Number of protein chains: 2
Amino acid sequence: MITNIEHIKKTIEEHGLKPTHQRLKILEYLKEDISHPTADQIYSEMRKEIPTISKTTVYNTVNMFAEKGIVNALFLSKNELRYDGDLSFHHHFVCEECGSLNDIQDDENCKYRDVKMIDGNQINDVSVYFTGICKKCLAKKRKGDEYE
Amino acid sequence: MITNIEHIKKTIEEHGLKPTHQRLKILEYLKEDISHPTADQIYSEMRKEIPTISKTTVYNTVNMFAEKGIVNALFLSKNELRYDGDLSFHHHFVCEECGSLNDIQDDENCKYRDVKMIDGNQINDVSVYFTGICKKCLAKKRKGDEYE
DNA sequence: TATGCTTATTTATAATTATTATTAACTTGT
DNA sequence: ACAAGTTAATAATAATTATAAATAAGCATA
């Protein structure tokens, strides 16, 4: 699926927002970048193309996007609110060693996917977060062990 | 299960920490209170019994507890880091309307409970967060509809 | 049991950082 | 050109962390 600029524009308009230059660029970036950037990282990236952009605009825009459900806000660790333009059902893994964040594809182990109601509460969304030690850090550890 | 002060003390010592008055009281509170308080709420509560306690101590203590795995840190929304003294496997539900936070007991729908490895990454912990509209807010809405 | 010494812990203060509020300037469509 | 919405610059707020001084606890020695 190609996420071209026309598609981006359509998404923004469909949610009742005007497709301004800033909004188009920010959403385009969030759809293409898989690193789940913070508002500050988005700001730095946007300044390359829109040098006059302000942090306020970035915050306003991503907040609106998140409210409208155009992107997902990820609460992964203290002082780090990240944004994810990938709306497909997937999970997130944070490495306790290096702090890296990776997507985990749902493999049918989470049966909550289609749950609509629990204990009388209406469920709109489910997020699954994993923490542990990532592939790379495990390899590094094993390599370290050889010389101990 | 009674979480008495001796048990609290043992838990702290077993994790290599000295069972100071402040630490005992903070952990005792986190084990008894089910409201998942923020650091600030813990600070307010502790001042009732330890009027000289500082915020720094609260932050240091809960950070250490979370690092050692004595309590869980919950990242639920921006600007709100909450702490949970209940280490049993359970999930959390945040109401989009009123912001309330409730526990959700695991009902075997999350098969990730015992997963130890995904894509070569070592999994140490899994957290499931639900968002939606809580029982109370649903009732309020229905009541409101009657008069529309 | 008391005394000093050492280290860990707590406290008070200041600094930092992420985010939001405010308001003026700017765009865009009619 | 006008009106409405959007952006940008600045200031304000709030959560958290850093720093360093004060306190408390542990322990050996007398």
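This is a predicted model: local features need pLDDT of at least 70, side-chain atom pairs count only at pLDDT 80 or more; totals for chains, interfaces and linings use all residues.
Colleague: Thanks! Which residues come nearest to DNA strand D?

Modeller: There are 22 residues around DNA strand D, and those that come nearest are A:Lys18, A:Thr20, A:Ser54, A:Thr57 and B:Leu81. Two or more residues of this surface come from each of α2 (21-32) and α4 (55-68) in chain A, and from each of α3 (39-49) and α4 (55-68) in chain B. With 4 residues, α4(B) gives the most. Sorted by class, the surface near DNA strand D holds 11 polar, 6 nonpolar and 5 charged residues.

Colleague: Which elements of chain A supply residues to the side that touches chain B?

Modeller: In total, 32 residues of chain A are in contact with 32 residues of chain B. On the chain A side, β1 (72-77), β6 (121-133) and α5 (135-146) each supply at least two residues, and β6(A) gives the most, with 13 residues. That side of chain A divides into 17 nonpolar, 9 polar and 6 charged residues. Because 100% of the interface residues of chain A are also interface residues in chain B, the copies meet through the same surface.

Colleague: In which sense do β6(A) and β6 of chain B pair?

Modeller: They pair in the antiparallel sense, over 11 bridges. To find one on the model, look at A:Ser127, whose bridge partner in β6(B) is B:Tyr129.

Colleague: What should I know before looking for a nonpolar core?

Modeller: The general idea is that in soluble globular proteins, nonpolar side chains tend to be buried together. In this structure, the largest nonpolar core has 18 residues, and A:Ile26, A:Leu27, A:Ile42, A:Val58, A:Val62 and A:Val71 touch the most other members. Elements of chain A that give two or more residues to this core are α1 (5-14), α2, α3, α4, β1 and β2 (80-84). Leaving aside neighbours within four places in sequence, A:Val62 is in contact with A:Ile26, A:Ala39, A:Ile42, A:Val71 and A:Tyr83. A second, separate core of 17 residues includes A:Tyr129, B:Phe93, B:Tyr112 and B:Val128.

Colleague: How do I read a backbone phi angle?

Modeller: Most residues other than glycine have a negative phi. A:His36 has a positive phi of about 55 degrees, and its place is in the loop between α2 and α3 of chain A. A:Asp119 also has a positive phi of about 55 degrees, in the loop between β5 (117-118) and β6 of chain A.

Colleague: Is A:His36 buried or exposed?

Modeller: A:His36 counts as buried because it has 21 C-beta neighbours inside 10 Å, and the cut-off for buried is 20 or more. A:Asp119 has 13 such neighbours, so A:Asp119 counts as partly exposed.

Definitions and conventions:
Residues are numbered from 1 along each chain as its sequence is written. Chains are lettered from A and ligands numbered from 1 in the order in which they are written. A residue is near a molecule or strand if its C-beta atom, placed from the backbone, lies within 6 Å of it. Ala, Val, Leu, Ile, Met, Phe, Trp, Tyr, Cys and Pro count as nonpolar, Asp, Glu, Lys and Arg as charged, and the others, Gly among them, as polar. A residue is buried if 20 or more other C-beta atoms lie within 10 Å of its own, exposed if 12 or fewer, and partly exposed in between; C-beta atoms are placed from the backbone. Two residues are in contact if their C-beta atoms, placed from the backbone, lie within 7 Å. Two strands pair if DSSP finds at least two bridges between them. A nonpolar core is a set of buried Ala, Val, Leu, Ile, Met, Phe, Trp, Tyr and Cys residues joined through C-beta atoms within 7 Å.
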